[in-house]
Each structure stands twice: as structure tokens, then as C-alpha cells.
Amino acid sequence: MVLQPVAFEPLAIDSRHALAGRQKQIADRVAASPDLGVMLLINPVLAFERMGIKLSPEVAHHVLHTLQHPKALRTRREE
């Protein structure tokens, strides 16, 4: 079974506040395209791009940094 790509309207995210405020829209896009939901675990910035979500460089850095260095891990490293 091959999933057909879903076309999404462009959505620009230019701040962490906007990222948090668009959670519902992002979740709807993930639900509409489960294959991209899996991609979120591997390369979230590319997955967002394929879902029509344009992240600013600062937000893309935040997304990648948060996944690579979650708070619990940062806390353990500091101890």
C-alpha cells in the first residue's frame, strides 16, 4: 500500500510561541499523513517541510536542539 502525499496549505512558523500556538494544525497534518509522522522521529525539520510547514532558522534549530538534547539529558550532564 502506497500512501499518496497530502497537499497542505503553507504554514509559516517564525517563533516558539507560534510553534506552540499551531499545535492543533500541526497535529492535524500529522494525522492526515502518517508516513510523515514517522519522519518526525528521524528528521523533524524535513517532516515539517513536507507537511507544508516553513520553520524559521531559529525555530528549526530549537526543534533539532530540543530533540537531540532534551532537558532531562542536559540536567544529568550538568550534575
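Buried residues are those under 20% relative accessible area, exposed residues are those over 50%, and partly exposed residues fall in between, with a 1.4 Å probe and protein chains only. By this scale lysine 24 counts as exposed, because its relative accessibility is 58%. The model described here is predicted, so local features need pLDDT of at least 70 and side-chain atom pairs count only at pLDDT 80 or more, while totals for chains, interfaces and linings use all residues. Residues are numbered from 1 along each chain as its sequence is written, and side-chain values use heavy atoms, with hydrogens and water left out.

We can start with the overall layout. The protein chain holds 6 helices and 2 strands; these are DSSP runs numbered from the N terminus, helices being H or I with at least four residues and strands being E with at least two. Read from the N terminus, the elements follow the order β-α-α-α-α-β-α-α. Of the 79 residues of the protein chain, 25% count as buried. Contact here means heavy atoms within 4.5 Å. Among the contacts with a separation of 6 or more, 45% are accounted for by residues 24 or more positions apart.

The structure holds 1 salt bridge, a salt bridge being a side-chain nitrogen of Lys or Arg within 4 Å of a carboxyl oxygen of Asp or Glu. The partners are aspartate 28 and lysine 24, whose closest N and O atoms are 2.8 Å apart. Both residues belong to helix H2 and are separated by 4 residues, about one turn of the helix. An α-helix has 3.6 residues a turn, so residues three or four places apart point the same way. Aspartate 28 is partly exposed, because its relative accessible area is 39%.

Arginine 29, also found in helix H2, is buried, because its relative accessible area is 11%. Not counting residues up to four places away in sequence, arginine 29 touches Phe8, Glu9, Pro10, Leu11, Met51, Gly52 and Ile53. For isoleucine 53, which is 24 residues from arginine 29 along the chain, the separation between C-alpha atoms is 9.5 Å.

The loop between H2 and H3 contains serine 33. This residue is buried, because its relative accessible area is 3%. With residues up to four places away in sequence left aside, serine 33 touches Val6 and Phe8.

Helix H3 (residues 34-42) comes next. Its buried residues are Leu36, Gly37 and Met39. They lie on the same side of H3, because they cover an arc of only 160° around the axis, the arc being that of the directions from the helix axis to the C-beta atoms. On the face turned away from the buried side, H3 carries the exposed residues Val38, Leu41 and Ile42. Leucine 41 counts as exposed because its relative accessibility is 76%. Leucine 41 and leucine 67 are 26 residues apart along the chain, and their C-alpha atoms are separated by 8.9 Å.

A pocket is defined on a 1 Å grid over the protein atoms alone as an open set of points where a 1.4 Å probe fits, with protein on both sides within 12 Å along at least five of seven lines, and lining residues have an atom within 4 Å of a point. The volume of the largest pocket is about 190 Å³. The lining divides into 6 nonpolar residues, 2 polar and no charged; Ala, Val, Leu, Ile, Met, Phe, Trp, Tyr, Cys and Pro count as nonpolar, Asp, Glu, Lys and Arg as charged, and the others, Gly among them, as polar.

Helix H5 also contains glutamate 58. Glutamate 58 counts as exposed because its relative accessibility is 59%. Between glutamate 58 and serine 15 there are 43 residues of sequence separation, with a C-alpha to C-alpha distance of 7.4 Å.

Conventions: Grid points are joined across faces, edges and corners, and a volume is the space filled by probe spheres set on the points.
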